[in-house]
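Subject: Structure handover

Hello,

The structure I said I would pass on is below. Please look it over first; my notes on what was found follow it.

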Amino acid sequence: FFFFFRTRLLHKPYGDQCIFVRRKTFTEVGGYKDMPLLEDVDLVTRLSAHAGPPSIIERDLKTSGRRWQSLGILRTTMLNQYILLRHAMGADLNALAKLYSSGGQMSR
């Protein structure tokens with residue numbers, strides 16, 4: 001559900017969904033920023049502002065499911081949403097990257 005809502009209705013595909021962009025447009029928006037996490041979210045946001053919402057191609061794409069398999073669907077989804085929320089609230093990206101890398105384990 002979250003995938004459909006984010007991708008189809010909000011037009012916010014992320015890197016694991018395969019983003020195609022012309023080199024000229026990619027260069028015009030500044031390419032990928034040097035960020036520890038969410039560089040795909042940043043790119044899609046800038047591309048959307050520059051060229052409008054992306055087109056969604058109805059084709060299958062095979063990506064790795066390791067993270068989803070190891071953490072589970074619910075935990076992975078909740079962690080991703082938590083990170084996006086914290087990012088929107090201005091949280092430090094380095095701290096969010098550590099949280100993501102740990103699979104959501106909070107360090108003590």
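I start with Tyr32, which counts as partly exposed because its relative accessibility is 45%. Here buried stands for under 20% relative accessible area and exposed for over 50%, with partly exposed in between (1.4 Å probe, protein chains only).

Two remarks on how to read the rest. This is a predicted model, in which local features need pLDDT of at least 70 and side-chain atom pairs count only at pLDDT 80 or more, while totals for chains, interfaces and linings use all residues. Residues are numbered from 1 along each chain as its sequence is written, and side-chain values use heavy atoms, with hydrogens and water left out.

Overall picture

Along the sequence the pattern reads α-α-α-α-α-α. Of its 108 residues, 25% count as buried. Taking contacts between residues at least 6 apart in sequence, 51% join residues at least 24 apart; contact means heavy atoms within 4.5 Å.

Aromatic rings

Which residue pairs with Tyr32 through its ring? The count of aromatic pairs comes to one. The partner is Phe26: the ring centres are 5.6 Å apart and the planes stand at 70°, so the pair is edge-to-face. The rule covers rings of Phe, Tyr and Trp (its six-membered ring) with centres within 6.5 Å; planes under 30 degrees apart are stacked, over 60 edge-to-face, and the rest tilted. Phe26 is partly exposed, at 25% relative accessibility.

Another ring, that of Tyr100, has Arg67 over its face, at 3.7 Å from the ring centre. For this, NZ of Lys or CZ of Arg must be within 6 Å of the ring centre and within 35 degrees of the ring normal.

Salt bridges

Side chains of opposite charge can pair when their charged atoms come close. The structure holds two salt bridges, a term that requires a side-chain nitrogen of Lys or Arg within 4 Å of a carboxyl oxygen of Asp or Glu.

One joins Lys24 to Glu28, with the closest N and O atoms 2.6 Å apart. Because Lys24 and Glu28 are four residues apart in helix H2 (residues 23-28), about one helical turn separates them. Lys24 is exposed at 59% relative accessibility, whereas Glu28 is partly exposed at 41%.

The other salt bridge is between Asp42 and Arg46, at 2.8 Å from N to O. Both residues belong to helix H3 (residues 39-51), where they sit four residues apart, about one turn of the helix. Asp42 is partly exposed at 21% relative accessibility, while Arg46, at 17%, is buried.

More on helix H3

Leu47 also belongs to helix H3 and is buried, with a relative accessible area of 12%. Apart from neighbours within four places in sequence, Leu47 is in contact with Ile19, Val21, Thr25, Val29 and Gly52. Its C-alpha atom is 9.2 Å from that of Glu28, a residue 19 places away along the chain.

Val41 is a further residue of H3, buried at 13%. Val41 and Pro13 are 28 residues apart in sequence, and their C-alpha atoms are 8.0 Å apart.

The nonpolar core

In soluble globular proteins, nonpolar side chains tend to be buried together. The largest nonpolar core has 11 residues, among them Val41, Leu38 and Leu93. Such a core is a set of buried Ala, Val, Leu, Ile, Met, Phe, Trp, Tyr and Cys residues joined through side-chain atoms within 4.5 Å. H5 and helix H6 (93-101) each supply at least two of its residues, and H6 gives the most, with four.

Leu93 touches Met35, Pro36, Leu37, Leu38 and His87, leaving out residues up to four places away in sequence. Leu38 lies in the loop between H2 and H3 and is buried at 10% relative accessibility. Most residues other than glycine have a negative phi. Leu38, although not a glycine, has a positive phi of about 65°.

Helix H5

Thr77 is in helix H5 (residues 73-88) and counts as buried at 12% relative accessibility. Its side chain reaches the backbone oxygen of Ile73 at 2.8 Å.

Regards

Key
Polar contact = N/O pair within 3.5 Å; in protein donor to acceptor, adjacent residues only side chain to side chain.
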